[in-house]
Amino acid sequence: MSKLTLGSYPHMLGFEQLERLLERSAKSGNEGYPPYNIEQTSDHSYRITLAVAGFAEADLAITVEDRQLVIRGRQSDDSDGRVFLHRGIAARQFQRMFVLADGVEVGEAIMENGLLHVDLTRSRPETVVQTINIKKG
């Protein structure tokens with residue numbers, strides 16, 4: 001069985017980047033922490049919500065790197081001098097990555113009740129009709 005690639009379709013030019021994007025997104029999101037939702041808030045906007053209970057705003061970083069939205073959380077270990085009989089709430093780190101399509105921009109991020117909301121908007125592409133002149137050779 002051979003691997004089907006976009007290069008197998010000669011009428012689809014310039015989509016090699018899409019194939020790399022799909023491979024990168026398949027590798028980036030297999031962990032389950034923290035849980036998240038993605039909702040469509042309008043025809044051209046989305047909201048990603050991560051459950052980040054126990055994290056302060058200073059513990060979180062949101063960046064866009066090479067068309068990927070990267071959300072990182074790093075809690076400091078505040079157990080100095082404390083004796084735990086049971087420790088079920090771990091101070092753990094995470095990194096969540098979301099691949100962004102061209103035209104998707106990251107808006108504001110809001111933290112409320114242990115949930116981090118990140119708003120995204122997609123700009124409408126303009127329809128371009130271009131006439132190509134044919135020159136005599």
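Here is a short walk through a sheet and the salt bridges of this predicted model.

A few ground rules come along with us. Because the model is predicted, local features need pLDDT of at least 70 and side-chain atom pairs count only at pLDDT 80 or more, while totals for chains, interfaces and linings use all residues. Residues are numbered from 1 along each chain as its sequence is written, and side-chain values use heavy atoms, leaving out hydrogens and water.

As background, strands of a sheet pair through backbone hydrogen bonds, either parallel or antiparallel.

β1 and β2 form a hairpin with two residues between them, and six bridges join β1 to β2 (residues 45-51). Here glutamine 40 stands opposite tyrosine 46. Next, β2 pairs with β7 over seven bridges, with alanine 51 partnered by leucine 115. β7 in turn pairs with β6, over seven bridges in the antiparallel sense, and glutamate 105 faces threonine 121 there as its opposite residue.

Aspartate 119 is buried, at 17% relative accessible area (buried means under 20%, exposed over 50%, partly exposed in between, with a 1.4 Å probe and protein chains only). Beyond its neighbours within four places in sequence, aspartate 119 has contacts (heavy atoms within 4.5 Å) that include Tyr46, Arg47 and Glu105.

That brings us to the three salt bridges of the structure, each a side-chain nitrogen of Lys or Arg within 4 Å of a carboxyl oxygen of Asp or Glu. Aspartate 119 meets arginine 47 at 2.7 Å, N to O, linking β7 to β2 across 72 residues. Arginine 72 and glutamate 65 pair at 3.1 Å; arginine 72 is partly exposed at 29%, as is glutamate 65 at 35%. Finally, aspartate 102 joins arginine 67 at 4.0 Å. Aspartate 102 lies in the loop between β5 (94-99) and β6 and arginine 67 in the loop between β3 (60-65) and β4 (68-73), so this pair ties together parts 35 residues apart in sequence. Aspartate 102 is exposed at 61%, whereas arginine 67 is partly exposed at 27%.

Definitions and conventions. Two strands pair if DSSP finds at least two bridges between them. Helices (H or I, at least four residues) and strands (E, at least two) are DSSP runs, numbered from the N terminus.
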